[in-house]
Amino acid sequence: MTDSSPLARSAFAPLTGVRVLDFSHVIAGPFATFLLAQMGAEVTKVESVDGDVMRRTARGRQGFVSLNAGKRCITVDLATEEGRRQALALASVSDVVLDNLRPGVLERFGLGFDDVRAAHPGVVYCAISGFGRGHGDWRHRPAYDHVVQAVSGMAWLGGSEGDPPMKTGFPVVDSATGMLAAMAILAALRERDRTGSGMLIDVSMVGAGLQLMYPMACDALTSGTTPPRVGNQGYSGSPSADFFPARNGWLALGANTPRQLLAVLRTLGLGHLADDPAVFEQPLSGNVPVAFVRARDPAALKRALTEAIAGQDAADLEARLNACHVPAARLRTLAEFAGEARANGCLPAVELQDDGISVQSPGLGFSVYRPS
């Protein structure tokens, strides 16, 4: 067994005293236990003799540090009797045990839920897999993020009609699975506080993917239909909620309500359209109920907006529309956003360090303010 030094922790530590044994690797499982560690849990990450694959990616150790800060990392050879004994001993004194291996792998080493529960009845055991631990044929299928995006229908929701399938450009399912697992573990710990009983939590990547698509998933489950692909149009379906090309970039416009659209039209010098019966059934300048915009001729409205925005400076129009309380943003790269967000104070400065490597992190994604 080898051991590496503990990494940085968050100052917000409500999970102090909670011990977590982490058998996971790559992204989904490590992200779940990273969140727990950043909230004060004592996480011991068990790696194989080859180490977590994230240590050997093209990104080097930065990716590993970003997912495993705050953990104590050890190496255990589960192929040996001594390694299995050490791992079970650690599990028997842990509040939480988590793995994201395929169902049955840890059971073969005598480290499944029933094995650990026999040594520690109060354990919260979280098993992450691609398709869950149910009884169907899919439970043994391997999975990666983009494969789950494909099988779940997510890849057919992106893009516009006629486009090839479009995966999200980052491992969204992995991250969502980690967050879902962390939430489930917190709920299970709260239940154990009440009852003293441990439990098995079954978290699947496809389940997390459906949570991300929740409104569409409910429609599909209820009616058996798949919603149409809408490209960059907002969920409201309003023709004024979309991406529009500007003179020097792109502008995301979120004019969902009549009041918001009226402000947009006046800002763009298109105020005359607000009362045009050929475009709107009800004049926008009248007493229109608050609801998503529905135009009589949505194509004409979108053409007018596209032509007007095409001659505008994207950053200037963003500022003018935001001043009118209209959600709008110039499209930025992730790096551009990070720089601006740090400068204006809406992104915390969180630094993770290990073995001389420094990684900047967005933190937990929320802030806590204690009453004075």
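The lining of the largest cavity divides into five nonpolar, one polar and four charged residues (Ala, Val, Leu, Ile, Met, Phe, Trp, Tyr, Cys and Pro count as nonpolar, Asp, Glu, Lys and Arg as charged, and the others, Gly among them, as polar). This is a predicted model, in which local features need pLDDT of at least 70 and side-chain atom pairs count only at pLDDT 80 or more, while totals for chains, interfaces and linings use all residues. Residues are numbered from 1 along each chain as its sequence is written, and side-chain values use heavy atoms, with hydrogens and water left out.

To find the lining on your screen, look for Asp99, Leu101, Arg102, Pro103, Gly104, Val105, Leu106, Glu107, Tyr125 and Arg133. Helix H4 is the biggest contributor, with three residues (helices are DSSP runs of H or I with at least four residues, strands are runs of E with at least two, and both are numbered from the N terminus). The space in this cavity is about 30 Å³, and the structure holds one cavity of 30 Å³ or more. On a 1 Å grid over the protein atoms alone, a cavity is a set of points where a 1.4 Å probe fits but cannot get out, whereas a pocket is an open set with protein on both sides within 12 Å along at least five of seven lines; lining residues have an atom within 4 Å of a point. Grid points are joined across faces, edges and corners, and a volume is the space filled by probe spheres set on the points.

## The second largest pocket

Leu101 and Arg102 turn up again here: together with His25, Val26 and Asn100 they lie nearest the centre of the second largest pocket, which is lined by 42 residues. Its volume is about 950 Å³. Strand E3 (42–47), helix H4 (105–108), strand E6 (124–129) and helix H6 (145–151) each provide at least two lining residues, and E3 has the largest share, with three. The lining has 22 nonpolar, eight polar and 12 charged residues.

## The largest pocket

The largest pocket has a volume of about 1400 Å³. Its lining counts 37 residues, and Phe31, Ser175, Ser361, Pro362 and Gly363 are the closest to its centre. Helix H1 (28–38), helix H2 (61–68), H7, helix H13 (334–344) and strand E12 (357–361) are the elements that give two or more residues. H7 gives the most, with six. By class, the lining has 26 nonpolar, nine polar and two charged residues.

H1 and H2 pack at about 50°, with their axes 7 Å apart (axes are lines fitted to C-alpha atoms, for helices over the stretch in contact, and angles run from 0 to 180 degrees between N-to-C directions). That makes H1 oblique to H2 (under 35 degrees is roughly parallel, over 145 roughly antiparallel, 65 to 115 roughly perpendicular and the rest oblique). Pro30, Phe31 and Phe34 of H1 meet Ser66, Leu67 and Asn68 of H2 (contact means heavy atoms within 4.5 Å).

Phe31 and Phe34, three residues apart in H1, also form a stacked aromatic pair, at 6.2 Å centre to centre and 15° between the planes.

H7 (172–195) packs against H8 (205–212) at about 95°, with axes 8 Å apart, so H7 and H8 are roughly perpendicular to each other. Val172, Val173, Asp174, Ala176, Thr177 and Leu180 in H7 meet Met205, Ala208 and Leu212 in H8.

## Aromatic pairs

How many aromatic pairs does a search of the whole structure find? There are four aromatic pairs (rings of Phe, Tyr and Trp, its six-membered ring, pair if their centres lie within 6.5 Å; planes under 30 degrees apart count as stacked, over 60 as edge-to-face and the rest as tilted).
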